[in-house]
Amino acid sequence: MTIMKLVFLSFLLLSTASHGSLALRTMLHSLSESSNNKNYLTTQELWFNQTLDHFSPFDHHRFLQRYYEFLDYFRIPDGPIFLMICGESACNGIVNDYISVLAKKFGAAVVSLEHRYYGKSSPFKSTTTENLRYLSSKQALFDLAVFRQYYQESLNLKLNRTSVENPWFVFGGSYAGALSAWFRLKFPHLTCGSLASSAVVLAVYNFTEFDQQIGESAGAECKAALQETTQLVEERLASNKQAVKTLFDAAELEIDGDFLYFLADAAAIAFQYGNPDILCSPLVKAKNNGDDLVEAYAKYVKDYYLGTFGSTVQTYNQKYLKDTSLNKHTGDRLWWFQVCTEVAYFQVAPSNDSIRSSKVDTRYHLDLCKNVFGEGIYPEVDVTNIYYGGTNISGSKIVFANGSQDPWRHASKQTSSPDMPSFLISCQNCGHCTDIRGCPQTPLSLEGNAQNCSSPEAVEKVRHQIIEKMDLWLSECHASGGWSSM
């Protein structure tokens with residue numbers, strides 16, 4: 001890097017910091033608890049003064065929204081700007097995944113905006129249901145659009161130019177992947193394209209396909225062991241519920257549905273994030289040896305799900321979800337609000353051949369929404385799908401990518417259409433956001449390393465196809481000379 005570029009980047013970092021100072025239980029696992037700075041390209045916080053209600057001509061309230069920028073790879077002055085969308089958790093930096101490799105390849109600056117209400121970007125000092133009325137994907141998309149304009153204008157100011165547009169490209173995974181697709185859909189003039197990784201663009205009321213995919217990914221032996229475990233747990237709940245909950249270190253979950261949801265999620269995580277053998281190997285072994293399946297599963301839950309993976313029992317406790325104070329676990333309540341108002345994704349047990357307990361049904365979810373947020377809270381799934389189009393999204397220049405073992409792929413666009421290719425990465429441990437996270441998907445594989453995927457070549461093939469699309473769409477943006485400001 002030249003001395004002149006270092007001077008410019010230092011100035012850009014300092015001046016932006018000065019000017020700028022005027023987060024469901026099994027969605028994309030947050031890296032927010034990690035203290036390992038190798039996991040991030042940067043953790044330097046910057047701040048943007050954001051509009052609270054983009055849909056009111058009268059309400060001019062604002063709040064501080066956290067963001068980050070990484071300029072080491074930026075090709076001055078006309079390099080692209082990559083906008084990495086943060087989703088349903090605290091955003092503590094720009095993650096060092098495969099997008100960093102793409103940024104280096106394309107000479108891109110990388111910026112990342114924390115989702116409103118999550119992390120340090122809370123407009124209020126509490127999360128009462130009334131205060132959450134501005135928490136929605138629609139408001140979040142306008143946050144991104146307004147921030148994008150602000151950042152482009154501030155860059156132009158620093159480069160002593162006017163009405164110039166760098167090519168922008170938007171990225172996101174899981175819910176943020178849906179936001180990435182929806183941003184291109186709603187603001188096509190503000191981005192050259194988007195990568196929608198494991199993008200859950202379809203709001204689903206009763207999401208039975210989630211459990212069905214877990215069974216398919218598990219395979220016959222592991223699926224049978226999981227189903228038998230669920231049956232044995234239900235029997236023990238009927239005879240001595242305190243004992244079985246204590247076995248899983250989950251005695252605080254007084255509502256049986258919460259406990260059974262906790263156990264279902266613990267299994268799903270292994271397949272969703274590319275660690276199937278951690279669950280299936282000991283469970284199948286226990287079944288074949290005639291050992292106690294419940295105890296074998298409890299060991300997995302405590303050692304891996306609550307231990308290595310880092311989940312907490314509190315996440316499933318409705319008493320805790322009703323807490324309206326701001327704390328490091330507030331994201332659980334926030335995401336449930338979005339679930340209960342916009343997208344549902346109710347992971348209910350299928351009527352036949354289910355792995356999870358049949359007690360995790362629609363009524364359980366609706367009761368949770370009412371208990372946690374009060375009367376009148378209901379997921380407007382049809383409205384969401386009408387507004388965005390679901391899997392019939394009528395966009396362009398959006399790349400969709402999914403992992404074959406990921407249960408969330410059934411809420412994503414899995415068929416290609418003109419100008420919106422959809423790629424499926426097939427391998428034994430290809431799960432949620434494999435295209436940008438590699439294998440396993442958690443813990444983080446630096447730069448999205450795919451060598452631990454059971455088929456690294458399958459991942460690299462899709463990545464090559466993504467690069468081809470990005471190269472084409474960014475080139476078309478350069479050829480068009482950019483756009484006018486919004």
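Strand β7 (residues 168-173) is largely enclosed by the rest of the structure, because six of its six residues are buried (under 20% relative accessible area, with a 1.4 Å probe and protein chains only). Strands here are DSSP runs of E with at least two residues, and helices are runs of H or I with at least four, numbered from the N terminus. The model is predicted, so that local features need pLDDT of at least 70 and side-chain atom pairs count only at pLDDT 80 or more, while totals for chains, interfaces and linings use all residues. Residues are numbered from 1 along each chain as its sequence is written, and side-chain values use heavy atoms, without hydrogens and water.

Trp-168, Val-170 and Gly-172 point one way from β7, whereas Phe-169, Phe-171 and Gly-173 point the other way. Strand β4 (residues 81-85) runs parallel to β7 and is joined to it by four bridges; pairing requires at least two DSSP bridges. Within this pair, Ile-81 stands opposite Trp-168. Strand β8 (residues 194-197) also pairs with β7 in the parallel sense, over four bridges, and Leu-195 of β8 stands opposite Phe-171.

The second largest cavity holds about 130 Å³ of space. A cavity is a set of points on a 1 Å grid over the protein atoms alone where a 1.4 Å probe fits but cannot get out, and lining residues have an atom within 4 Å of a point. Its lining includes Leu-226, Thr-229, Tyr-297 and Arg-356. Helices α5 (208-247) and α6 (256-272) each supply at least two residues of this lining.

Technical notes: Buried means under 20% relative accessible area, exposed over 50%, partly exposed in between (1.4 Å probe, protein chains only). On a 1 Å grid over the protein atoms alone, a cavity is a set of points where a 1.4 Å probe fits but cannot get out, and a pocket is an open set with protein on both sides within 12 Å along at least five of seven lines; lining residues have an atom within 4 Å of a point. Grid points are joined across faces, edges and corners, and a volume is the space filled by probe spheres set on the points.
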